[in-house]
Amino acid sequence: MKKSTKTAVIILHGWGLRGSVYDEITALLKKEGFTVYSLDLPGFGSEKLKKRVMNLNDYVNFVRQFIKKKSLKNFVLLGHSFGGRVSIKFAATFPKEVRALILTGAPGIKQKLSFLRRTVRYVAVSIGELFRIKALLPLKLILRKALYFLIGEWDYYNSGDLRETFKKVIDEDLAPILPKVKVKTLIVWGENDTVVPLSVGKEMKKCIIHSKLIVLKNTGHKVPYEKPKAFFQAVLPFLKTL
């Protein structure tokens, strides 16, 4: 197949990351003749926020503007984690524009908080009230950091000025729109993903009509850039069918 005939792949990164994190998977795909774009989404890398607080639709519109600028058609969206949420919303909103989806570690279905996580979250929020004395500020920061890490909300802790945007993006329930994703979808999941567990990927497989799930053993949430060769070998056969 000639290089110019292959479908373009647009990589949308995870929260707190940037497009260059996916350089290895980008290079592997380019060797196969694909045109690949690995974007910096607003608020990350070189791309500034478009407004003080953005929501999921704002990110979808940002990607659509990029696509229009590049005059891309029938492209593949490869969304990792937060980028997967953007990809799902895009495909459900503009179904005729997307050729296919590749989702990995994407929190497309809300997870119920366990009793432990609910309790720890409450304690983390309450720490500010418990440690009002200025001299105790370092201790407060250490405890809050440890608690957010314990309950798997590290992205939120690290959001800084983007915390309100993070809440807007993550709070939107995508479960009702998953059945609206009609394009071919490959779901690739790390077997040991502790950020977005495999159970989420399995539920998404049930909700997205034309989808297939591949589980990569001995991998976690960061599989696209920590194990790029394994990830590449999982997605290449799918891309060759398009």
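Q: Which residue of β5 does I102 stand opposite?
A: The model discussed here is predicted. In it, β4 and β5 pair in the parallel sense over five bridges. Within β5, the residue opposite I102 is L186.

Q: What is the order of the strands in the open sheet?
A: The sheet is open and has six strands with parallel pairing. β2 (36–38) and β6 (211–216) are its edge strands, each pairing on one side only. From one strand to the next, the twist averages 15°. The order is β2-β1-β3-β4-β5-β6.

Q: What angle does the direction of helix α1 make with that of β2?
A: Helix α1, residues 23–31, packs on the sheet. There it touches β1 and β2. Its direction and that of β2 make an angle of about 170°.

Q: At what angle to β3 does α3 run?
A: Helix α3 comprises residues 82–93. This helix lies across β1, β3 and β4. Relative to β3, α3 runs at about 140°.

Q: Is A92 buried or exposed?
A: A92 lies in helix α3. Its relative accessibility is 17%, and the cut-off for a buried residue is under 20%. A92 therefore counts as buried.

Q: How far apart in space are A92 and K180, C-alpha to C-alpha?
A: Leaving aside residues up to four places away in sequence, A92 touches I177, K180 and V181. A92 and K180 are 88 residues apart in sequence. Their C-alpha to C-alpha separation in space is 5.3 Å.

Q: Which element supplies the largest share of the largest nonpolar core?
A: The largest nonpolar core has 45 residues, of which V63, F75, L77, F90 and M204 touch the most other members. Elements supplying at least two residues each include β1 (9–12), α2 (56–70), β3 (75–80) and α8 (198–207). The largest share is seven residues, and it comes from α2.

Q: Is K89 buried or exposed?
A: K89, in helix α3, is linked to E172, in the loop between α7 and β5. Their side chains meet in a salt bridge (2.6 Å, N to O). E172 counts as partly exposed at 26% relative accessibility. K89 has a relative accessible area of 10% and is therefore buried.

Q: How far apart are the closest N and O atoms of K50 and E47?
A: The whole structure contains six salt bridges, one of which joins K50 and E47. K50 counts as exposed at 52% relative accessibility, whereas E47 is partly exposed at 22%. The closest N and O atoms of the pair are separated by 2.7 Å.

Terms used: Residues numbered from 1 in each chain as written. Predicted model: local features only at pLDDT ≥ 70, side-chain atom pairs only at ≥ 80, totals over all residues. Heavy atoms only, no water. Helix = DSSP H or I, 4+ residues; strand = E, 2+ residues; numbered from the N terminus. Buried < 20%, exposed > 50% of the residue type's maximum accessible area, 1.4 Å probe, protein only. Contact = heavy atoms within 4.5 Å. Core = buried A, V, L, I, M, F, W, Y, C linked by side-chain atoms within 4.5 Å. Pairing = 2+ DSSP bridges. Axes fitted to C-alpha atoms, helices over the stretch in contact; angles between N-to-C directions. Salt bridge = Lys/Arg side-chain N within 4 Å of Asp/Glu carboxyl O.
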